[in-house]
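Welcome, and please open your viewer. We will go from stop to stop, selecting a few residues at a time and looking at what is there.

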Amino acid sequence: TGMVPAHTKSLIDAVTGFTLRVDPEKLIQGYPFLQTLALWSANVRDEGAAAVGAFLATNRSLTALEMSDCALGPRGCKAIADGLERNATLTRLNLDGNPGISDAGVEALSGLRYNCALASLSLCYCGLTAAGGEKLTGGLMKCAMLKTLELRGNRLGAAGVLPVLHHVQKGSGLFRLGLADTSWDAEPEVSADGLGTLEYGEDFYAFGETGAGVVTAPLTSVDL
């Protein structure tokens, strides 16, 4: 699109009636019923994400935010995470197709651990590497209500995937984990207690909410 970062704030102002005054504490919200905000293939960048983050900090109606292919980077992730620290309604966040997020962006999203509502987070094709696995478990995977985490298309490799599975084993509330196309090669078996659905390639493996299972990489068999 011909959208530039400055247009993001103008769009939010127009659609929601949101206005940020000189005093950042003085916020006016015009339309109180907006539930989904979807920005796809828009040149939002980190500058535009700052406007989205400021909006999230005061909004009390939005339940889903999609910012796919919006040229987001770590600073944009930090702005969104900061906004969600003060948000109690957003349950679904989709940041797919933003390779600039990378491992640094995952670290910037660590503030999501303080969010009490987010249940689904998608970071498909976001440029994560093996280092991103540890950053996921050290921050955003501690979000209390997180049930679904999609990581398809990130080159995590075994070094990045195994910390995630170990985190699940330790008692995470995660119920669905998408690991398709993450360059995960054969590794020793990993216990995955409590995991509900593990996606790898085109297959889905059910574990049950309370039952224990053993995943034997490369996930060609499951013992329950």
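Is T148 buried or exposed? Select T148: its relative accessible area is 19%, so T148 is buried (buried means under 20% relative accessible area, exposed over 50%, partly exposed in between, with a 1.4 Å probe and protein chains only).

Before moving on, note that this is a predicted model, in which local features need pLDDT of at least 70, side-chain atom pairs count only at pLDDT 80 or more, and totals for chains, interfaces and linings use all residues. Residues are numbered from 1 along each chain as its sequence is written, and side-chain values use heavy atoms, with hydrogens and water left out.

Stay with T148, which sits in strand β7, residues 148-150 (strands are DSSP runs of E, at least two residues, and helices are runs of H or I, at least four, numbered from the N terminus). Now show A119, S120, L121, L174 and R176: T148 touches these, leaving aside residues up to four places away in sequence (contact means heavy atoms within 4.5 Å).

Next, select the cysteines. How many disulfides does the count come to? The count is 0, where a disulfide is a pair of cysteine sulfur atoms within 2.5 Å. The closest cysteine sulfur to that of C77 is in C126, 7.5 Å away, too far for a bond. C77 is buried, at 0% relative accessibility. C143 is in no disulfide either, its nearest cysteine sulfur being that of C116 at 8.4 Å; C143 is buried too, with a relative accessible area of 4%.

Finally, select helix α2, residues 45-56. Its 12 residues reach 17 Å from first C-alpha to last, close to the expected 16 Å (1.5 Å times one less than the number of residues). Among its buried residues are D46, G48, V52 and F55.
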